[in-house]
Amino acid sequence: CPRQRDGPLGSRSSRYPVVAKAQIHRENDEAAAATHSTTGFDLGDKDTGPRQVKLKSYPHDTFGTQKRAFNHSWFEKHNWLEYSVNQSAAFCFPCRVFGKNIKHDSLVSNGCKNWKKALVIFGKHEMAQTHKDSVVTWKSYQGTSKQGNVAQMIATANVSEIVERREYLRRIVAVTSMLGRQGLPFRGHDEGEDSPNRGNFLYISPTSQNDMIDCCAQEVTSVIVSEMTKSKVYSIMVDEARDKKAEQLAVCVRYVSEGAVKERFLALAEIKSFDAQSIANEIQQQIQNYGLAELKCVAQTYDGAAVMSGSTGGVQAHFRRLHPEAIYVHCYAHQLNLVLCNTCKAVPEAVELFSLLECVYSFFSTSLVNHHKFMETQAKLGLTKTELVQLSNTRWACQLRSISAVLETLPAILECLSAIGSPIAVGLRAKLYKFSAVYALLMFQSILSVTEGLHKFLQKETLDLAEAFICKQAVCDTLKGKHSDAFATELYEKTKALCNTHSIPEPGAKTRHKQRKMEDFVLEATVGSRTELNNSDTLKRELLFPCVDRMVGELDQRFCSVDAGLLKGVQACSPKSENFLSEPHLNELAKHYRLDLKKEEVLVARNFLTRKTEAGCPPKNMLSVYNLLDSDMFPSLKATIQVALTVPVSSCSCERSFSALRRLHSWLRQTMGQKRLHSLAVMSIEKDTLQHLSHNRVIDRFATLKNRPIRFICKRSGT
């Protein structure tokens, strides 16, 4: 066969070798067979889309003197185009399948076979409005097939929008929670466009921000209320404090949950009236607001103010009319404070000593010149730099630190006062430069060191009444041990050694005084007769023993606000008590709280705990006894011990809440409303609960607010 030149598709050369023609026809038949349906119709339908068959060679048609064929590259330019192998024609898929009332269009009816003018025909057809409408209908059908019908598409869009919005809210909750835990302000004083510090979180409106803060606080409180509901019994602890121009009432609760004693902050309320009835009504209102009215309140704890502790007209009396089982416990921490206050007021030498300490502190703290000289003198003498401590009537733990600071810096104080030489400095030095003053400092350092541990111990949240009473008694016994000649002699020798170090004369030593005028002197003693403390016996008899006796007497007298029978019942629940599991005492406690204590349970519990002790697992305290007893085996006994654990020892949790209040309601945040202040206090005080709180719970609560769409603040417009 002669060789012929192959030209482009549609060229004049149309004669192929016989073998080549047979191969091409075979390949075309195979490609066509792959697209043919069983009926012989080889175009696409709604589900398959346009059939765009790509052959190595398409059949040629003669146009004048030229032969032309379909080109598969047209599929790339016109995605709606399809080719029928059976008819050797091109069709418009969307117009053929989805078109309406399309007449006299070869691409719809018979197909286009004019390959010479095919591109022109395709272009005109593509510009027709009927074709555009058909393409839109085709694309809509494709979208419906993938995403469902209109209702399904709307539902899918709603779900996506909800997920997106919940993600926004989750981030807002996270930021709100972080700022609330740290007690940081949300907004700035100036939130204008030109302000360099517009606040920590201002991208939602104030209303939405308040709602989010409130939802976080409500979820924290709901966790507390849920635990209290499961516990079924609780105690109330209340204290009040002045906050700027308002009187705030802090309400805390104590209960047993999941084998642990918990004290939680419940509410912060502003009170308008300060009489006992109004305060009791406010406490009861808070109990009702949180749905706790059906639970049993077993105790109430306040400080020693008359309006709170009055047995007939105080808050505790009004509250017991509503909750007869709620015994009153005078806060043990306040009791200890009163013991020390009354001791110092009863002994004139003690009053004079602490007045002197306050004067020394004021002298070196109010004047920067005196303070700098004091620090320089300490450095010159090689002493560790120590600041003097201010005294406080409500925080008696600072008394020991104040005395210790004076004793540590006594050489610097005496030298500095001598160097300053002002009349006040001369008078202060004259009072400090006495054997009796040093004796009193060392004496109170020893006595207050005994009570310092009890101060800290009584502030523990998990402390029970029985253990507190045991520790109080141990302190009393220790103080009684200081009422002895041996301790008096030891204290005198220690004072003598310290005075010799600082050249302070011992009482009774004869010293020569030069007569001087009185113009530069300060009166150091009040008018009236007083025994001169000039020897060991006088110091022991007039200073040491009166202070110790007074303190022991105050401890025995004041720590007895709880009925003796109920106190013995509480002690019977503690393994450290002598009457542990005493049936008569337990019965008295159970009877007060209307519990049906089973005698058999007490007997079995004794043997059970005895075996535990023999096995090397003795119960250490009341809480360990409670956790060792099974609820099914010892239901009534465990309920009785739970009541004993629920009785609080102090109201220190309320005091701690006021410390948080001072951080939250600072002078820069004066315009804060009461509701926002309460919510921020809950978030700050109960930060551990807030940290473990699920953000989804806060979002769900926020979503339940009606007519409260969240509004974001635009950075540019500020709206």
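Colleague: Which strands does helix 26 lie across, and at what angle does it run to strand 5?

Modeller: Helices (H or I, at least four residues) and strands (E, at least two) are DSSP runs, numbered from the N terminus. Axes are lines fitted to C-alpha atoms, for helices over the stretch in contact, and angles run from 0 to 180 degrees between N-to-C directions. Contact means heavy atoms within 4.5 Å. Here helix 26 (residues 652-664) lies across strand 5 (233-243), strand 6 (246-257) and strand 7, and runs at about 40 degrees to strand 5. This is a predicted model: local features need pLDDT of at least 70, side-chain atom pairs count only at pLDDT 80 or more, and totals for chains, interfaces and linings use all residues. Residues are numbered from 1 along each chain as its sequence is written, and side-chain values use heavy atoms, with hydrogens and water left out.

Colleague: In what order do the 5 strands of the open sheet come?

Modeller: Strands of a sheet pair through backbone hydrogen bonds, either parallel or antiparallel. Two strands count as paired if DSSP finds at least two bridges between them. In this model the order is 7-6-5-8-9, with mixed pairing. Strand 7 (260-271) and strand 9 (327-330) are the edge strands, each pairing on one side only. From one strand to the next, the twist averages 25 degrees.

Colleague: How many bridges join strand 8 and strand 9?

Modeller: Strand 8 (residues 296-302) pairs with strand 9 over 4 bridges, in the parallel sense. Ala299 has Ile327 in strand 9 as its bridge partner.

Colleague: At what angle do helix 7 and helix 29 pack?

Modeller: Angles under 35 degrees count as roughly parallel, over 145 as roughly antiparallel, 65 to 115 as roughly perpendicular and the rest as oblique. Helix 7 (residues 206-231) packs on helix 29 (residues 695-703) at about 120 degrees, with the axes 9 Å apart. The two helices are therefore oblique to each other. A crossing is left-handed if the near helix is turned anticlockwise from the far one by less than a right angle, and right-handed if clockwise. Helix 7 passes helix 29 in a right-handed crossing.

Colleague: Which residues of helix 12 meet helix 15?

Modeller: Val360, Phe363 and Phe364 in helix 12 meet Ile413, Cys416, Leu417 and Ile420 in helix 15. By class, the contact holds 7 nonpolar, no polar and no charged residues; Ala, Val, Leu, Ile, Met, Phe, Trp, Tyr, Cys and Pro count as nonpolar, Asp, Glu, Lys and Arg as charged, and the others, Gly among them, as polar. The crossing of helix 12 and helix 15 is left-handed.
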